[in-house]
Amino acid sequence: MTGFELYTLVVCLFVYILFVVLFTILITWIVKQYVKQLRAGIEDEQIIKEFQQESNRSERNGFLQKVIPIFFCALFSVVFLFSTYSAITQDGKVGFIPTVKVVSSGSMADKYEGNEYLFDNNINNQIQVFDLVVLHKLPDEMDIQLYDIIVYEVDDVMVVHRVVGIEEPNDKHPNQRYFMLQGDNVRYPDKFPVTYSQMKSIYRDQKFLT
């Protein structure tokens, strides 16, 4: 064995012994501290503290377990009641509570190029097929204005069209207005004028979940 190899061996042994001594001292100190904690009851306090924390978590979890089902039951009840109300008012006049209607026709989906009033007045609230629209209570007859979107009934069919003309009371109908309605995507107005008594609700540019 050369002198260098002997020197390396001695250094390695020294370092190894040094680390063993240091780790022994460290482990001995940790054990002593742990024994002191046990004697002082610190460990017991920690156990009690952890138990209290676990109890608090259990109480919070128990509270959440009670609240979450109640919340979902209330939510489902609201949805059920709203759906029932919407179904009842689907073919009737809407009251103070708004309702939702599924649009099944494409007559309001686009702007027909011949309907110049849409472009002249920059009217862009078209309604697509299968849109869920929120319908509101009709205003008074005299408050219905040109270009309002109205839901009305004709031959047991609910139609969603825009007011494109209003004929004020005259000799032929002295006590009521006549309304001409038309779909934005339709070339001609509806065949017959619509009276206020035929109208069920008004659309105010609100869509459901869109």
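**Figure 1. Tyr 152 of the predicted model stands opposite Met 199 in β6.** The model is a predicted one. Strand β3, residues 149–154, runs antiparallel to strand β6, residues 199–207, and four bridges join the two.

**Figure 2. β3 and β4 form a hairpin with two residues between them.** Strand β4 covers residues 157–167 and pairs with β3 in the antiparallel sense over six bridges. Ile 149 has Arg 162 of β4 as its bridge partner. In the turn, Asp 155 has a positive phi of about 55°.

**Figure 3. Six strands make up an open sheet with antiparallel pairing.** The strand order is β1-β2-β6-β3-β4-β5. The edges are taken by β1 (99–102) and β5 (178–182); each has a single partner strand, so one side of each is left without a neighbour in the sheet. From one strand to the next, the twist averages 50°.

**Figure 4. Glu 153 and Lys 200 meet through their side chains in a salt bridge.** The N to O distance is 3.3 Å. Glu 153 lies in strand β3 and Lys 200 in strand β6, 47 residues apart, and the pair links distant parts of the chain. Glu 153 counts as partly exposed at 26% relative accessibility, whereas Lys 200 counts as buried at 14%. The structure holds three salt bridges; the other views of such pairs follow.

**Figure 5. A salt bridge is formed by Arg 162 and Asp 184.** Their closest N and O atoms are 2.6 Å apart. This pair also links distant parts of the chain, with Arg 162 in strand β4 and Asp 184 in the loop between β5 and β6, 22 residues apart. Arg 162 counts as buried at 1% relative accessibility. Asp 184 is buried too, with a relative accessible area of 0%.

**Figure 6. The side chains of Glu 168 and Arg 177 meet at 3.0 Å, N to O, in a salt bridge.** Glu 168 is partly exposed, its relative accessible area being 38%. Arg 177 counts as buried at 5% relative accessibility.

**Figure 7. A nonpolar surface patch has an area of about 1100 Å².** The patch is made by Phe 14, Val 15, Leu 18, Phe 19, Leu 22, Phe 23, Leu 26, Ile 27, Trp 29, Ile 30 and Val 31. Leu 18 is found in helix α1, residues 3–40. With a relative accessible area of 40%, Leu 18 is partly exposed; patch residues need over 30%, so Leu 18 passes this cut-off.

Definitions and conventions:
Residues are numbered from 1 along each chain as its sequence is written. This is a predicted model: local features need pLDDT of at least 70, side-chain atom pairs count only at pLDDT 80 or more; totals for chains, interfaces and linings use all residues. Side-chain values use heavy atoms; hydrogens and water are left out. Two strands pair if DSSP finds at least two bridges between them. Axes are lines fitted to C-alpha atoms, for helices over the stretch in contact, and angles run from 0 to 180 degrees between N-to-C directions. Patches are made of residues with over 30% relative accessible area and no salt bridge: like charges are joined within 9 Å, nonpolar side chains (Val, Leu, Ile, Met, Phe, Trp, Tyr) within 5 Å. Accessible areas come from the Shrake-Rupley method with a 1.4 Å probe; for residues, only the protein chains shown count as cover. A salt bridge is a side-chain nitrogen of Lys or Arg within 4 Å of a carboxyl oxygen of Asp or Glu. Buried means under 20% relative accessible area, exposed over 50%, partly exposed in between (1.4 Å probe, protein chains only).
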